[in-house]
Each structure stands twice: as structure tokens, then as C-alpha cells.
Amino acid sequence: MNQGRIIVITGSPGTGKTTTASIVAKESDLAKSVHMHTDDFFHYLSKGAIPPHLPESNEQNAVVIEAFLAAAKRYASGGYDVIVDGIVGPWFLEPWRAIVREGYEVHYIVLRASKEETMQRAVERSKLDRKTNVALVETMWEQFCRLGIYESNVIETTSQSVQETVCAVKEKIASGTALLSD
């Protein structure tokens with residue numbers, strides 16, 4: 001059986017991750033694909049859950065990341081194109097680099113919109129109260145603002161349509177310009 005790819009589509013809330021990932025998964029050029037919405041893994045926590053954006057959630061977040069990483073590996077080893085949709089900043093890339101060393105093909109694509117656009121999108125569809133959402137988006141936007149060596153993995157979505165963003169993601173995958181190295 002041929003091994004599939006793992007394509008991480010990330011960025012701060014409000015950049016279009018879920019919409020884009022869903023379409024990329026449906027339009028995959030592989031015979032099988034899966035859209036892994038990593039927020040779901042945080043929703044599985046029933047007791048003792050800590051909001052993942054808080055500093056004291058680091059240990060919990062590591063466990064959740066290991067869980068969705070294991071799921072992504074299993075799907076990929078089964079020949080699926082795995083589209084991982086979630087907040088996976090460079091600070092959480094070491095486990096992904098480790099699976100690259102195991103022979104998995106991992107693409108790391110960051111969606112970014114202007115701060116104003118990101119805030120507008122996130123507040124309009126907020127699952128949290130406005131004050132918490134604004135603070136979260138500001139924090140996450142800043143964390144994805146300057147990515148150093150990962151700047152070339154960024155797709156600017158501020159003025160793009162959803163289809164333009166999907167095409168840009170597909171181009172990065174096809175060209176291999178967002179491949180994660182070990």
C-alpha cells in the first residue's frame with residue numbers, strides 16, 4: 001500500500017484553516033483523504049481540560065498533539081492524504097520533524113491574514129465570548145506574525161478568495177516548497 005502525505009494547514013484563528021483544509025481534503029489528488037480538525041481532539045477532553053491558549057496547558061497540549069499525530073500517521077500509513085487543520089505553531093513542530101525522520105512526507109503550510117482581517121473573521125464566528133476571543137486572536141496572530149525560517153511556508157489570505165487560497169495550498173504541496181525537513 002502506498003503511504004499518503006500529511007499536510008498541516010495552520011495559522012491563527014480566522015485565517016481560513018478549516019474552510020481551506022476541508023476543500024483541500026475533498027479535492028485531494030490521492031484516492032483517499034481525511035480532514036483532521038485538531039480542535040476536535042481538544043473537545044474530547046472531558047475533565048480537567050485547560051484552555052489550550054493558556055501557558056499552564058503546555059503538558060495537556062503535548063498529549064493532545066501526540067494523539068492527533070498518531071492518528072495522522074496511521075491514516076497516512078493507510079494511504080490517505082491527511083489534511084491536518086489546527087493551530088500548530090513552530091513551537092510544536094519537533095514531533096512533526098520526528099515523523100519526517102521516520103519517512104513520512106509532511107507539508108507545513110501557514111495561512112496568514114492581516115491582523116484586522118483575522119480579528120474580523122474570528123469575532124464574526126466566535127465560539128468564545130468577545131473579550132476572550134479578541135485576546136486569543138491577538139496572541140495567536142502575534143505568534144504567527146514572524147516565523148523566521150518558516151516565512152516561506154506562509155500563504156497570505158487577506159485579500160484572497162477561498163478558492164485562491166485552496167489553489168495556493170495545492171501549489172505549495174505540488175511544488176514541495178512547504179515540505180518539513182527533519
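Student: Which residues does F68 touch, leaving out those up to four places away in sequence?

Tutor: This is a predicted model. In it, F68 touches M36, T38, F41, V84, V88 and W96, with residues up to four places away in sequence not counted.

Student: Is F68 buried or exposed?

Tutor: Buried means under 20% relative accessible area. F68 has 1% relative accessibility, so F68 counts as buried.

Student: How should I read a pair of aromatic rings?

Tutor: Two values describe such a pair: the distance of the centres and the angle of the planes. For F68 and W96, the centres are 6.1 Å apart and the planes stand at 35°. Planes under 30 degrees apart count as stacked and over 60 as edge-to-face, with the rest tilted, so the pair of F68 and W96 is tilted.

Student: Where in the chain do F68 and W96 sit?

Tutor: F68 lies in helix α3 and W96 in helix α4, 28 residues apart, so to speak a link between distant parts of the chain. F68 and W96 also belong to one aromatic cluster together with F41 and Y44.

Student: How many aromatic pairs does the whole structure hold?

Tutor: A search finds six. One of them joins Y108 and Y150, with 5.5 Å from centre to centre and 75° between the planes, and this pair is edge-to-face. Y108 is in strand β4, while Y150 is in the loop between α6 and β5, 42 residues away in the chain. Both Y108 and Y150 are buried.

Student: Which residues touch the most other members of the largest nonpolar core?

Tutor: A nonpolar core joins buried residues through side-chain atoms within 4.5 Å. The largest one here has 30 residues, and I6, F68, W96, V106 and Y108 touch the most other members. At least two residues come from each of β1, β2, α3, β3, α4, β4 and α6. Helix α3 gives the most, with six residues. A second, separate core has 14 residues, among them I9, I109, I155 and A168.

Student: In what order do the strands form the sheet?

Tutor: The five strands of this open sheet follow the order β2-β3-β1-β4-β5, with parallel pairing. β2 and β5 are the edge strands, each pairing on one side only. On average, neighbouring strands are turned by 20° against each other, direction ignored.

Student: How many bridges join β4 to β5?

Tutor: Three bridges join these parallel strands. In β5, E156 is the bridge partner of R112.

Notes
Residues are numbered from 1 along each chain as its sequence is written. This is a predicted model: local features need pLDDT of at least 70, side-chain atom pairs count only at pLDDT 80 or more; totals for chains, interfaces and linings use all residues. Side-chain values use heavy atoms; hydrogens and water are left out. Buried means under 20% relative accessible area, exposed over 50%, partly exposed in between (1.4 Å probe, protein chains only). Helices (H or I, at least four residues) and strands (E, at least two) are DSSP runs, numbered from the N terminus. Contact means heavy atoms within 4.5 Å. Rings of Phe, Tyr and Trp (its six-membered ring) pair if their centres lie within 6.5 Å; planes under 30 degrees apart count as stacked, over 60 as edge-to-face and the rest as tilted. Two strands pair if DSSP finds at least two bridges between them. Axes are lines fitted to C-alpha atoms, for helices over the stretch in contact, and angles run from 0 to 180 degrees between N-to-C directions.
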